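Let's take a friendly walk through this model, strand by strand and then charge by charge. Here it is.

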Amino acid sequence: MGYKIVFIGLLIALSSLVIGCGADTYKVGNDMGWTVPPGGDSAYRNWAAREDFELGDQIIFRWIGTHNVVQVTREGYDNCSATNYNMTLSPVHTSSPTTFTLNSTTPHYFICTVDSHCRLGQRVTVQIGSSAATPSLIKTGAFLSTILMASISLLI
């Protein structure tokens, strides 16, 4: 009976390691960084679509020159505005690098408020739980179910 308890403990520890993967860090725009993108706002939209953001991940805004970053509401994003207090969710950050932690599953909107930078495409929406994340969640659930069933069968 003692070896069964040890085995079950090992299975639980193994499943904890699989689930407990650490948060990731993403550099906004990769090598382009945080700047007025040459291709308009599609550059940041395409960058965000390729990433698989999860709760607790961090995104780092790095820039050279005169830029800033502020987290805004959807309205602030759509209007490229952080002048109305109700539209901002963070202070305007004026020094690079600036890091934000993704702490909710709602979309995160970021803009640059310098001149017309936002209207020229220096804005990004970061969404937690993209469709790419769904299969990995299903696999994790299936793995945990298998571990649980194996543990129960050992007890019987």
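## Strands and their partners

Strand β1 (residues 25-27) and strand β2 (residues 58-61) run parallel and are joined by 3 bridges. Strands pair if DSSP finds at least two bridges between them; helices (H or I, at least four residues) and strands (E, at least two) are DSSP runs, numbered from the N terminus. K27 has I60 in β2 as its bridge partner. From β1 the chain passes through helix α2 (residues 42-50) to β2, a right-handed β-α-β crossover (with the strands pointing away from the viewer, the path from the first strand over the helix to the second runs clockwise).

On to another pairing: β2 and strand β4 (residues 98-101) run antiparallel, joined by 4 bridges. Here I59 is partnered by F100 in β4.

## Salt bridges

The structure holds 3 salt bridges (a side-chain nitrogen of Lys or Arg within 4 Å of a carboxyl oxygen of Asp or Glu). One of them links R74 and D78, 3.1 Å from N to O. These two residues sit 4 apart in helix α3 (residues 74-79), so about one helical turn separates them. Salt bridges with shared partners also join D41, R45 and R123 into one network.

Because D41 lies in the loop between β1 and α2 and R123 in strand β6 (residues 123-126), the pair ties together parts 82 residues apart in sequence. R123 counts as buried at 17% relative accessibility, while D41 is partly exposed at 22% (buried means under 20% relative accessible area, exposed over 50%, partly exposed in between; 1.4 Å probe, protein chains only).

## About the model

This is a predicted model: local features need pLDDT of at least 70, side-chain atom pairs count only at pLDDT 80 or more, and totals for chains, interfaces and linings use all residues. Residues are numbered from 1 along each chain as its sequence is written, and side-chain values use heavy atoms, leaving out hydrogens and water.
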